[in-house]
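Thank you for making the time this morning. I would like to take you through one part of a model, and I will give the cut-offs as we go.

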Amino acid sequence: MRDASVKSARATKALASRLGLDYADKRDLRLPAPLRLDPIARHAARGTRLAMTGTWRGHRAHRLVVGDYVLEALELPVSLPTLMLVPADRPALEVSEARPSGVSDIEFDMRWHVVASDMRLVAELAASPAREVLMHEAARGAAITFDGPLVYLWRDLDDAVLADTQNRLDLLTILLSRIP
């Protein structure tokens, strides 16, 4: 197990360097804002590891392993209401309270289940230019969460491919640019 961990750390450090991000393997790293939503919040208390941080396309960015999940996050200049979009076909992501959105977009509901403090936000996203990003193939299989001053994309550690970090950070950047 230690050998795999060392190889993973080495690969993460090399990717961070290539992307112009800083690398840290400390287990006591914390995100800049508290994660309020489960299941990430349950795992965040144990700390993070294999972290990359820096500026990505004008946003403060983070990529880290939190428990059994990998997440890429961008810091926002303002705090947004809580909204979690979970792939409808991924019950393993431990979000039992996620439900179809109820928006009049069958394709959206087939792709995403939601947890939201205000369901009007979901309807606005589904009807905005952000919908194209949410329906893009690059978003398939990952959950996307708006949690106060962060937006993050997260998936099971076993499903995450380190080399796709750049694509996932770009997806979040494009998503932010299309939110009304």
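Pro180 is exposed, with a relative accessible area of 75%, where exposed means over 50%, buried means under 20%, and partly exposed lies in between, for a 1.4 Å probe and protein chains only. This is a predicted model, in which local features need pLDDT of at least 70 and side-chain atom pairs count only at pLDDT 80 or more, while totals for chains, interfaces and linings use all residues. Residues are numbered from 1 along each chain as its sequence is written, and side-chain values use heavy atoms, with hydrogens and water left out.

Pro180 is found in the segment after α6 (165-177), helices being DSSP runs of H or I of at least four residues and strands runs of E of at least two, numbered from the N terminus. The C-alpha atoms of Pro180 and Glu124 are separated by 8.1 Å, although these residues are 56 apart along the chain.

Turning to the strands, 13 of the 14 residues of β7 (residues 143-156) are buried, so this strand is largely enclosed by the rest of the structure. Its partner β4 (residues 69-87) pairs with β7 in the antiparallel sense over 11 bridges, pairing requiring that DSSP finds at least two bridges between two strands. Within this pairing, which residue stands opposite Asp156 in β7? That residue is Tyr69.
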